[in-house]
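Dear colleague,

I am passing on the structure that I promised you, together with some notes on what came out of it. Please look through the model first and then read on.

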Amino acid sequence: MDRKKVSRANHYFLKKLETMPIDEVRKLQFEKTKETLERAYSKSEFYREIFDRAKVKPEDFKKLEDIARFPFIDKQGLVRDQEANPPFGRRVCGPPSKIHRVNVTSGTSGMGQEVHCHDEKAIWAANASTASHFAAIGLNKGDVSAVLYPLGTMTGGMLSYEGLRIFGATPLPLAVFNTNQRIDMMRRFNVHHILTTPAHLARITNICMERGLDPRKGFPRLKGITLSTEPFSVSWALQMEEIWGTVIHDIYGSTQLNLNYAITCKYGVVPDGHFGYYHLADYFALVEVLDKETDKPVKYGDWGEPVVTTFSREAMPLIRFRSNDRVRLLPPILCGCGRESAAWEVGTVSRYDDMIKIKATNVWPQTVDEAVFSFGEIEEYNGRVFIAENGLEVAKVSVEFKKMALDDKTKATILKRLGDKIKEVTQVTMRVEEVPHGTLPRFEYKARRWTDERVEGLERVKYVEK
Ligand SMILES: [Zn+2]
């Protein structure tokens with residue numbers, strides 16, 4: 001696209017950074033990564049130890065590609081570090097007085113819960129990266145946005161709320177209400193924008209239709225709906241745009257990046273009937289996309305794992321963190337919105353491991369395994385995440401009891417206690433039911449007990465008009 005044709009009517013939150021040509025971004029990344037490596041090596045025992053073990057020093061970083069010489073870190077390494085040195089581990093590079101925000105990842109056992117802390121610089125970058133999305137999709141100061149993500153110690157809700165606030169919009173945190181009340185509140189404040197997950201948008205759409213509420217008429221000021229956390233299909237996104245009369249958007253971020261690193265602009269997720277692209281905030285982080293087998297950078301069009309080196313996180317930098325996410329790298333784009341950036345495909349981010357995001361919460365099947373098999377009476381189970389016909393996102397755990405004499409009352413008590421325990425360790429409410437002995441598959445090797453049927457399920461929802 002010809003640069004001269006770029007419309008002047010575009011919105012940016014960080015204009016200088018967001019419109020910086022890619023070669024200049026790469027120079028910035030080199031400088032910032034070098035600073036990060038030096039700070040981490042001089043201030044954090046954690047990094048000094050792993051760099052020394054890998055026989056590498058910050059001075060070895062002479063060009064951007066030299067990042068490949070530095071060792072990877074992963075979730076297990078972070079959890080071990082903070083368990084040995086609670087609460088933050090030895091990755092901290094600043095004094096406690098500079099730490100002004102804490103985030104804790106979901107999941108309380110099994111895979112371990114990561115603790116992240118942030119100074120003001122990191123908090124600003126996190127909020128600014130999110131505000132860039134709101135600017136890019138055409139929100140204005142004073143616009144009202146419904147934040148339907150949980151607002152707690154997890155990162156997603158917090159970044160959405162704070163990003164809207166520093167952008168100058170009015171965030172409406174509605175997660176504490178039930179779905180009907182959320183719809184009422186969104187109407188009362190006549191929202192311009194909604195932030196939610198694909199599954200929850202399906203549910204809201206379904207309830208609106210059951211109530212005889214046409215979303216186009218009920219939300220006349222709507223300028224966009226921003227999704228995140230789960231994949232969806234092109235046809236479903238187009239259907240949602242039709243029903244809601246607005247543009248569907250998507251953002252990708254993570255607790256480790258502490259950014260909404262990948263955002264759609266005004267063109268949304270399906271600009272021309274296909275999945276579009278995310279613009280990437282490469283001025284805040286160095287994110288390599290590596291082949292999962294070879295650990296080498298992937299070619300354009302290929303799938304790989306984002307490996308994250310942060311530069312905005314001075315209090316607790318991450319260097320070459322393996323995300324285990326799976327993304328498709330696209331060629332760099334000079335977009336009609338004026339942003340020149342590296343790009344990933346929208347709508348298709350998934351996982352290499354078996355973590356599942358349920359109701360915007362990360363759930364590792366191993367965590368559920370531990371809860372289920374802590375009951376000696378249970379022999380096997382399987383888990384299903386799906387979208388019911390009324391649009392409700394359901395996680396169902398089917399269990400088989402061992403062949404032993406258990407009366408119905410005892411079984412009912414065990415199922416209730418199991419449901420409570422699963423909620424406690426995953427923070428997600430799941431339906432627990434008994435199935436007859438011998439009906440579930442058994443596994444010889446690695447158990448694959450979970451299936452995710454949500455992408456197809458979204459399309460099967462009946463959005464009935466009354
Ligand atoms: Zn764009």
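This is a predicted model: local features need pLDDT of at least 70, side-chain atom pairs count only at pLDDT 80 or more; totals for chains, interfaces and linings use all residues.

Residues are numbered from 1 along each chain as its sequence is written, and side-chain values use heavy atoms, with hydrogens and water left out.

The largest cavity holds about 150 Å³ of space. Its lining (residues with an atom within 4 Å of a point) comprises 20 residues, of which Leu280, Ala281, Asp282, Tyr283 and Ser341 are the closest to the centre. Two or more lining residues come from each of α1 (15-18), α2 (22-43), α5 (120-136), β8 (259-263), β9 (277-280) and β14 (340-345), the elements being DSSP runs numbered from the N terminus, with helices (H or I) of at least four residues and strands (E) of at least two. The lining divides into ten nonpolar, five polar and five charged residues, where Ala, Val, Leu, Ile, Met, Phe, Trp, Tyr, Cys and Pro count as nonpolar, Asp, Glu, Lys and Arg as charged, and the others, Gly among them, as polar.

β8 and β9 run antiparallel and are joined by two bridges, with His279 of β9 as the bridge partner of Ile263. β9 in turn pairs with β14 in the antiparallel sense over three bridges, and here the partner of His279 is Ala343 in β14.

A further sheet is open and has four strands in the order β20-β19-β18-β21, with mixed pairing. Its edge strands, each pairing on one side only, are β20 (431-434) and β21 (450-452), and the twist averages 20° from one strand to the next. The pairing of β18 (residues 378-387) with β21 is parallel, over three bridges, and Gly383 has Trp450 of β21 as its bridge partner. Helix α11 (residues 365-373) packs on this sheet, touching β18, β19 (393-401) and β21, and its direction makes about 140° with that of β18; contact means heavy atoms within 4.5 Å, and angles run from 0 to 180 degrees between N-to-C directions, with axes fitted to C-alpha atoms, for helices over the stretch in contact. Helix α12 (residues 408-426) also packs on the sheet, touching β18, β19 and β20, at about 150° to the direction of β20.

Elsewhere, the axes of α7 (residues 179-188) and α8 (residues 198-210) come within 10 Å and cross at roughly 80°, so the two helices are roughly perpendicular to each other (65 to 115 degrees). Thr179, Asn180, Arg182, Ile183 and Met186 of α7 make the contact with His200, Arg203, Ile204, Ile207 and Cys208 of α8.

Lastly, a cis peptide bond joins Pro86 and Pro87, with omega about -5°, and Pro87 lies in the loop between α4 (75-84) and β1 (101-104).

With best regards

Note on methods: On a 1 Å grid over the protein atoms alone, a cavity is a set of points where a 1.4 Å probe fits but cannot get out, and a pocket is an open set with protein on both sides within 12 Å along at least five of seven lines; lining residues have an atom within 4 Å of a point. Grid points are joined across faces, edges and corners, and a volume is the space filled by probe spheres set on the points. Angles under 35 degrees count as roughly parallel, over 145 as roughly antiparallel, 65 to 115 as roughly perpendicular and the rest as oblique. Two strands pair if DSSP finds at least two bridges between them.
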